[in-house]
Amino acid sequence: MKLRMLVVDVGGCEGCPLAVLRSLPSIPLDVEVHSQYLGNLDLELRYDIALVTGSICINDEVAVAKLKKVREISEIVVAFGSCAAVGGITRFCRGGQDPRPEHRVFQPITSVIDVEYAVPGCPPAPQIINALLVNLTRSASPFLKVFAAVAKVKKLSGFDLLDDVVLAGLCIGCGACVLSCPTNALQMIDQRPDLIVEKCIRCGTCYVRCPRASQILLTRYPAQIKVLARGV
Ligand code: SF4
Ligand code: SF4
């Protein structure tokens, strides 16, 4: 059975939608992809899955209304990429781009709508896209739990990693956080990660990759796993 998937960007750099489209040839599913801009969104169709990328400008009433409509017409909504999931680099935005907000008004889409899953990454790795779609269509896998937990969080960053794991004495020095950071904002010093604060774009990738931090997420936010009702 064909899977109807919406890929829509609400205010990002387009890196995440590009990452989705580039990974599609390797996905072992029959997927009908509708890649659209928020401005010309086809609201007549219904979708099995909506991958929403970018953060939402809460000054833009039209964009906010359309995002809510995406929620209505989609069985499963995924906040895909760091901006949609936890705000990411757009936390630092101050106008200068349409719709030219006056001050920091970009928010993760979870500030406006409930989503089933949030996947940090700047952009997320192609393997994550592949595994996410397979698990959503075939099984209620533990793989989904951490992304269901992130859907309940409004921000995640290297600061949270240091507070919750390193300074709490839970770090085992595995280095996964350092390897996952897209801006080299983490470095190992004395077998523990240290944060170069000026480089952290608050993407949250390190937090979900850390085996300790992901356990913290699962404890704080017991996961509600949802997969597609009809499967594929
Ligand atoms: S330390 Fe790196 S991976 Fe972690 S939130 Fe900052 S930029 Fe992202
Ligand atoms: S991923 Fe977690 S446990 Fe591993 S080095 Fe980083 S903070 Fe420590």
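Analyst: The shell around ligand 2 holds 12 nonpolar, 2 polar and 1 charged residues (Ala, Val, Leu, Ile, Met, Phe, Trp, Tyr, Cys and Pro count as nonpolar, Asp, Glu, Lys and Arg as charged, and the others, Gly among them, as polar). This is a predicted model, in which local features need pLDDT of at least 70 and side-chain atom pairs pLDDT 80 or more, while totals for chains, interfaces and linings use all residues. Residues are numbered from 1 along each chain as its sequence is written, and chains are lettered from A and ligands numbered from 1 in the order in which they are written.

Of the 15 residues around ligand 2, those that come nearest are Cys171, Cys174, Ala176, Cys177 and Cys210; a residue is near if its C-beta atom, placed from the backbone, lies within 6 Å. Helix H6 (158-166), helix H7 (176-180) and helix H9 (211-220) are the elements that give two or more residues to this shell. Helices (H or I, at least four residues) and strands (E, at least two) are DSSP runs, numbered from the N terminus.

As for the loops, Pro123 lies between strand E7 (117-119) and H4, and a cis peptide bond with omega of about -5 degrees joins Cys122 to Pro123. The loop between strand E1 (3-9) and H1 contains Glu14, which has a positive phi of about 80 degrees although it is not a glycine. Glu14 is exposed, with 12 other C-beta atoms within 10 Å (buried means 20 or more such atoms, exposed 12 or fewer, partly exposed in between, with C-beta atoms placed from the backbone).
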